[in-house]
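Here's a walk through one protein chain, piece by piece. Keep the picture open while you read.

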Amino acid sequence: MTTAAPAKGNARGKAKGTTYEHASGAGPLLRSWRERRRVSQLELALRADSSARHISFVETGRSRPSEEFLLRLADHLDVPVRDRNSLLLAAGYAPRFRETPLDDPSMGTLREGLERLLAGYEPYPALVVDATYGVVAANRGIAMILDGVPEHLLSSPNAMRLTLHPEGLAPRIRNLREWRGHLLHQMERQIALQRSDALRAVYEEVAAYPVADPGVDAFEAGTDVPYFALPLRIEHDGHVLSFISSISTFNTPMDVTVAELAIETLLPADPATVKYVQSRVSP
């Protein structure tokens, strides 16, 4: 009996060790994404044509999901493409999605398409940013807005830094507090939906920038333009321009780089802005 007890204990230890080994993989990651999306096991099971019991077994490591099942769950939880690779790796599978540098020759068609898109939107401003708002392409409308911004902000441009830095566009933005609040809230939503330390670092940097008291806000007395969304109101060469921001992404991306690109266009919000921009950015 003195030898049987340790043997029984070892067997239990191995069983627990095996479960823990699996649970330390895809299961906790999947549970984290499910909880982040505020989806119950039953709701996820119904979406994925499975059972709550099976979802529970996957999350606790009692069952190893197939590659296709794991991707189906990730799709229903809207897990970013980069993190789908992490889920696959944690479950013991190879990554499904490539991460191709934008300057790779195989991305030539994409780059040309983006350049044509930005050029076609001129004279109005448009740019392409990556997952941390690094500017990867921009048109002449953006160049016009950035007149006077110091070189140290332009050398490795980041859209959030360019907009909110005290030496960037911030002093010229008439509704800085509102626009800053909109941008920070936008980043907060992205951070809540993603696992990005790099994006959080950008957020913490720009959120710490000092904000001067703008005095009269963007919606000045006498303004009668019926804005249909919060405008960016910014001074340029003595004129106040108003733009509405629109952001587009790629449908069903199959590459991490492409999944993290966003195209932002600035739509003129009043006739005066249309006339001014057309006069400053020649065809």
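## Ground rules

Two residues are in contact when they have heavy atoms within 4.5 Å of each other. With that in hand, take serine 63: leaving aside neighbours within four places in sequence, this residue is in contact with His54, Phe57 and Val58. You'll find serine 63 in the loop between helix H4 (52–60) and helix H5 (67–76). Serine 63 and glycine 27 are 36 residues apart in sequence, yet their C-alpha atoms are 9.0 Å apart in space.

A word on where all this comes from: the model is predicted, so local features need pLDDT of at least 70 and side-chain atom pairs count only at pLDDT 80 or more, while totals for chains, interfaces and linings use all residues. Residues are numbered from 1 along each chain as its sequence is written, and side-chain values use heavy atoms, with hydrogens and water left out.

## The whole chain

What does the secondary structure come to? It has 14 helices and 5 strands. Those are DSSP runs, numbered from the N terminus: helices are H or I with at least four residues, and strands are E with at least two.

Of the 283 residues in the chain, 40% are buried. Here "buried" means under 20% relative accessible area, "exposed" means over 50%, and "partly exposed" is in between (1.4 Å probe, protein chains only). Take the contacts between residues at least 6 apart in sequence: 59% of them join residues at least 24 apart.

## Two nonpolar cores

In soluble globular proteins, nonpolar side chains tend to be buried together. A nonpolar core is a set of buried Ala, Val, Leu, Ile, Met, Phe, Trp, Tyr and Cys residues joined through side-chain atoms within 4.5 Å. The largest one in this chain has 49 residues, and Met187, Val206 and Ile234 have the most contacts inside it. Helix H11 (residues 176–193) gives the most to this core, with 6 residues.

Who does valine 206 touch? Not counting residues up to four places away in sequence, its contacts are Met160, Arg161, Leu164, Arg180, Leu184 and Met187. There's also a second, separate core of 23 residues, including Ala26, Ile55, Leu87 and Val256.

Now look at helix H2 (residues 26–36) and helix H6 (residues 81–90): their axes come within 8 Å and cross at roughly 150°. Axes are lines fitted to C-alpha atoms, for helices over the stretch in contact, and angles run from 0 to 180 degrees between N-to-C directions.

On the H2 side you'll see Ala26, Leu29, Leu30 and Trp33, which meet Asp83, Ser86, Leu87 and Ala90 in H6. By class, this contact has 6 nonpolar, 1 polar and 1 charged residues. For that count, Ala, Val, Leu, Ile, Met, Phe, Trp, Tyr, Cys and Pro are nonpolar, Asp, Glu, Lys and Arg are charged, and the others, Gly among them, are polar.

## The sheet

Five strands form an open, antiparallel sheet in the order S2-S1-S5-S4-S3. Two strands pair if DSSP finds at least two bridges between them.

S4 (residues 239–248) and S5 (residues 262–268) run antiparallel and are joined by 6 bridges, and serine 245 stands opposite leucine 266 in S5. H7 packs on the sheet, touching S1, S2 and S5, and its direction makes about 5° with that of S5. Helix H14 (residues 271–280) lies across S3, S4 and S5, running at about 90° to S4.

S1 and S2 form a hairpin with 5 residues between them, and tyrosine 133 in the turn has a positive phi of about 70°. Is tyrosine 133 buried or exposed? At 7% relative accessibility, tyrosine 133 counts as buried.

Arginine 38, in the loop between H2 and helix H3 (41–47), has a positive phi too, near 60°. Arginine 38 is exposed, with a relative accessible area of 77%. Finally, a cis peptide bond joins glutamate 122 and proline 123, with omega about 15°. Proline 123 sits in the loop between helix H7 (108–121) and strand S1 (126–129).
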